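Subject: Structure for you to take over

Hello,

I am handing this structure over to you. Please look through it first; my notes come after it.

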Amino acid sequence: MKSTIIPMKQAIICSMVLLASSVMAVPKVVYTYDNVGNMTKREIVLSRSVEQKSRQVPYSDLLSKKTIKIYPNPTDGFLQVEISRLDDGDRCDLDVFNLSGVNIIHQNVNEQLTDLDLSSQPNGVYVLKIKINDDKTSWKIIKK
């Protein structure tokens, strides 16, 4: 009887550890490259537990040696774009497109923190394109 109790306890402990590790969020960044080796796509994949959904998680990327943070995403309508080390000589453009390809917001940016107002747009998926000098990146934005 004693020998069956110990393996049962071990099985319960192992299953609890596996369950706890599957609930934790592990961000994963997936990059896609073309034949020449240029990065063509960047996706951030997050799985979140119930506790983590209440916190704002800024998504970040590196473009032209500048860190870009976008939050909150999903958004209720107001989105912040933060670009570190943006100099006066840098040309930075933000464009938001709906899924039909219509440019609904265009902003020339010269400050490190920019607010984008999507509150007048319907809920759905949008594409934010950021261009700093000659470098570009795209983000999927969800308005709920």
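Below is what was found, going from the whole chain to single residues.

Please keep in mind that this is a predicted model.

The whole chain

The chain holds two helices and ten strands. Read from the N terminus, its elements follow the order α-β-β-α-β-β-β-β-β-β-β-β. Of the 144 residues, 26% are buried. The accessible surface amounts to about 10100 Å², and carbon and sulfur atoms contribute 55% of that. Among contacts with a separation of 6 or more, 42% are between residues 24 or more positions apart.

The four-stranded sheet

Four strands make up an open sheet in the order S7-S6-S9-S10, and their pairing is antiparallel. The edges are taken by S7 (103-109) and S10; each has a single partner strand, so one side of each has no neighbour in the sheet. On average, neighbouring strands here are turned by 15 degrees against each other, ignoring direction.

Going through the pairs in order:

- S6 (residues 92-98) is joined to S7 by six bridges, and Cys92 stands opposite Val109 in S7.
- S6 is also joined to S9 (residues 124-132), here by seven bridges; Asp93 faces Lys131 of S9 as its opposite residue.
- S9 pairs with S10 over nine bridges, and Gly124 has Lys143 in S10 as its bridge partner.

S9 and S10 also form a hairpin, with two residues between the strands. Asn133 lies in that turn and has a positive phi of about 55 degrees.

The S4-S5 hairpin

A further hairpin is formed by S4 and S5, with six residues between them. In its turn, Gly77 has a positive phi of about 150 degrees. S4 (residues 66-71) and S5 (residues 78-83) run antiparallel and are joined by four bridges. Tyr71 has Gln80 in S5 as its bridge partner.

Two buried residues

Thr137 belongs to S10, which covers residues 135-143. Is Thr137 buried or exposed? Its relative accessibility is 10%, and buried means under 20%, so Thr137 counts as buried. Leaving out residues up to four places away in sequence, Thr137 touches Arg42, Asp61, Leu63, Ile68, Leu128, Lys129 and Ile130.

Leu86 lies in the loop between S5 and S6. With a relative accessibility of 10%, Leu86 counts as buried because the limit is 20%. Apart from neighbours within four places in sequence, Leu86 is in contact with Lys66, Cys92, Val109, Asn110, Glu111 and Gln112. Two of these, Cys92 and Val109, are the residues that stand opposite each other in S6 and S7. Leu86 and Leu113 are 27 residues apart in sequence, and their C-alpha atoms are 9.7 Å apart in space.

Rings and charges

How many aromatic pairs does a search of the whole structure find? It finds zero.

Regards

Technical notes:
Residues are numbered from 1 along each chain as its sequence is written. This is a predicted model: local features need pLDDT of at least 70, side-chain atom pairs count only at pLDDT 80 or more; totals for chains, interfaces and linings use all residues. Side-chain values use heavy atoms; hydrogens and water are left out. Buried means under 20% relative accessible area, exposed over 50%, partly exposed in between (1.4 Å probe, protein chains only). Contact means heavy atoms within 4.5 Å. Accessible areas come from the Shrake-Rupley method with a 1.4 Å probe; for residues, only the protein chains shown count as cover. Rings of Phe, Tyr and Trp (its six-membered ring) pair if their centres lie within 6.5 Å; planes under 30 degrees apart count as stacked, over 60 as edge-to-face and the rest as tilted. Two strands pair if DSSP finds at least two bridges between them. Axes are lines fitted to C-alpha atoms, for helices over the stretch in contact, and angles run from 0 to 180 degrees between N-to-C directions.
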